[in-house]
Amino acid sequence: MNKYVLVTGGAGYIGSHTVVALLQQGYTPVIADDFRNANKIVLAGLRSILGHDPLLYPIDICDKQALTALFDKYTFEGVIHFAAYKAVGESVDKPLEYYQNNLVGLINVLSLLQSHQVKNFVFSSSCTVYGEPKGEKEVSETTPKQLPESPYGYTKWMGEQIIADFHRSAPEIKLMNLRYFNPVGAHPSALIGEFPIGKPNNLLPFVTQTAIGKYPHLTIFGNDYPTRDGSCIRDYIHVQDLAEAHVAALDFLSKQQEGLLEAVNIGTGTGTSVLEIVAAFERVTGLTLPHVIGPRRQGDVIEIYANATKGEQLLGWKARLGIEDALRDAWAWEQHLAAL
Ligand code: UFG
């Protein structure tokens, strides 16, 4: 019998890698994605990797009727909810669109879990809920959350709050917030990867797009921070590891008899600075990456990385790949795109 899993945003960056991981582990993913922030190239990549078309419904998850029809059609083992806007800067300009899409989508999914007795739910949360860590830069799930800096951050913070309140009203459902650190890299086949629309906001796509010649140089946003080399430090997690974390989360939830709510950090446990990323990229590719030092970017967290022990203890999951693997795979993906 098929174990159907609804993957909202399954044609997106993390979603598409998770679809592959789910299929490899015996689940049958059902993608709900209206391609507003995904690209058909990823679909072609998925087809090549899987050897067939994935089950895909091009619906807007804010369209409750369309989403209900999907819950009527399939008996879902669980839902992995990725579909959301994710650009921090854009969220400042378009707060209502962010709240509308990210929160209404989440509420629709949660209410359908309840009405259709779907018991397992995994939410794409973010380390943004920790804000700028006070004191210790390594954060664990018990580190107090702080109010976010952007409407995007608020949608994740409020998303976790909505899930916590929902948990009290529907204690039989098993819920997990996966708090991602910085997802990077691409599938080792280079057939799927991150597809930023327009000028990338995130570091890695900017690095690879500069290396391929789309931009004359990378600007490093500040080298006067109180870190080992003056640039900001993040925990970069390979998207393949991240995808596997979702399968591990679903496996874990499926085995639980009682309802629960857990949050788990999905990071490597190691911090890497922006300048270290540049050096590692040059090492891995043998290229010289043109870069200049620019001013600080407003709202940037100085340093944060995961305490990743809970993921290992609770889910039996831990990151296997390092930053060099991620840079190699991201570069292969960028070259694949350039060759299309
Ligand atoms: N950076 C540069 N130059 C660039 C782009 C980024 O120096 O052109 C630096 C940033 O200043 C930062 C680091 O690279 O120090 C990483 O920046 P990203 O934009 O890639 O990632 P962030 O850590 O700022 O943001 C990520 C996610 C958000 C999430 C946040 C939580 O993109 O969705 O982590 O901390 F909210």
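**Ligand shell and cavities**

Hi everyone, let's begin at the ligand: sorted by class, its shell holds 9 nonpolar, 6 polar and 4 charged residues. Please keep in mind that this is a predicted model.

So who is in that shell? There are 19 residues around the ligand, and Asn202, Thr219, Arg234, Arg297 and Asp300 are the closest. If you look at secondary structure, strand E9, residues 218-221, is the top contributor, with 4 residues.

Arginine 234 places a polar side-chain atom 2.5 Å from an oxygen atom of the ligand. Tyrosine 152 also uses its side chain, with an N or O atom 3.3 Å from a ligand oxygen. With asparagine 201 we turn to the backbone, where an N or O atom is 3.5 Å from an oxygen of the ligand. On its own the ligand has 690 Å² of accessible area, and the protein covers 89% of that.

Let's move on to the cavities. How many of 30 Å³ or more turn up in the whole structure? The search finds 2.

Helix H5 (95-115) and helix H6 (151-169) each give at least two residues to its lining, which includes His81, Phe123 and Lys156.

Thanks, everyone!

Notes:
Residues are numbered from 1 along each chain as its sequence is written. This is a predicted model: local features need pLDDT of at least 70, side-chain atom pairs count only at pLDDT 80 or more; totals for chains, interfaces and linings use all residues. Side-chain values use heavy atoms; hydrogens and water are left out. A residue is near a molecule or strand if one of its heavy atoms lies within 4 Å of it. A polar contact is a pair of N or O atoms within 3.5 Å; within protein, one must be able to donate a hydrogen and the other to accept it, and residues adjacent in sequence count only if both atoms are side-chain atoms. Accessible areas come from the Shrake-Rupley method with a 1.4 Å probe; for residues, only the protein chains shown count as cover. Ala, Val, Leu, Ile, Met, Phe, Trp, Tyr, Cys and Pro count as nonpolar, Asp, Glu, Lys and Arg as charged, and the others, Gly among them, as polar. On a 1 Å grid over the protein atoms alone, a cavity is a set of points where a 1.4 Å probe fits but cannot get out, and a pocket is an open set with protein on both sides within 12 Å along at least five of seven lines; lining residues have an atom within 4 Å of a point. Grid points are joined across faces, edges and corners, and a volume is the space filled by probe spheres set on the points.
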